[in-house]
Amino acid sequence: MRINNIRKALYGIAKILGDVNAVKKGKVGKRVGRRVAGKGTGKLLGKLFK
């Protein structure tokens, strides 16, 4: 197994655990908003530095 595959799996697990934690704390909306903002920022920066 390559390190890249392990890292991908760990990040996936961390994402799921973060979702579960947000549900437990009742802060799902805040988490979704931050995810959307992060994706938008990432796409913008990706286009800017191409």
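## Salt-bridge network

Asp19, Arg31 and Arg35 are joined in a network of salt bridges, a salt bridge being a side-chain nitrogen of Lys or Arg within 4 Å of a carboxyl oxygen of Asp or Glu. The structure is a predicted model, in which local features need pLDDT of at least 70 and side-chain atom pairs count only at pLDDT 80 or more, while totals for chains, interfaces and linings use all residues. Residues are numbered from 1 along each chain as its sequence is written, and side-chain values use heavy atoms, with hydrogens and water left out.

Two salt bridges are found in a search of the whole structure. In the pair formed by Arg31 and Asp19, the closest N and O atoms are 2.6 Å apart. This pair links distant parts of the chain, with Arg31 in helix α2 and Asp19 in helix α1, twelve residues apart. Asp19 also meets Arg35 in a salt bridge, at 2.7 Å from N to O. Here too distant parts of the chain are linked: Asp19 lies in helix α1 and Arg35 in helix α2, 16 residues apart. Helices are DSSP runs of H or I with at least four residues, numbered from the N terminus.

The relative accessible area is 29% for Asp19, 27% for Arg31 and 33% for Arg35. Each of these residues is therefore partly exposed, a class that lies between buried (under 20% relative accessible area) and exposed (over 50%), with a 1.4 Å probe and protein chains only.

## Packing of the two helices

Helix α1 spans residues 3-25 and helix α2 residues 28-48; they pack at an angle of about 145°, with axes 8 Å apart. The axes are lines fitted to C-alpha atoms over the stretch in contact, and angles run from 0 to 180 degrees between N-to-C directions.

On the α1 side, Lys15, Gly18, Asp19, Ala22 and Val23 meet Val28, Arg31 and Arg35 of α2, where contact means heavy atoms within 4.5 Å. The residues of this contact comprise three nonpolar, one polar and four charged.

## Nonpolar surface patch

Met1, Ile6, Leu10, Ile13 and Leu17 make a nonpolar surface patch of about 580 Å². Such patches consist of residues with over 30% relative accessible area and no salt bridge, nonpolar side chains being joined within 5 Å. Ile6, located in helix α1, is partly exposed at a relative accessible area of 38%.

## Val32 and Phe49

Val32 belongs to helix α2 and is partly exposed, at 47% relative accessibility. Between Val32 and Phe49 there is a separation of 17 residues in sequence and 26 Å in space, C-alpha to C-alpha.

Terms used:
Nonpolar A, V, L, I, M, F, W, Y, C, P; charged D, E, K, R; others polar. Patch = residues over 30% accessible without salt bridge, like charges linked within 9 Å, V, L, I, M, F, W, Y side chains within 5 Å. Areas by Shrake-Rupley, 256 points an atom, 1.4 Å probe, with all protein chains shown as cover.
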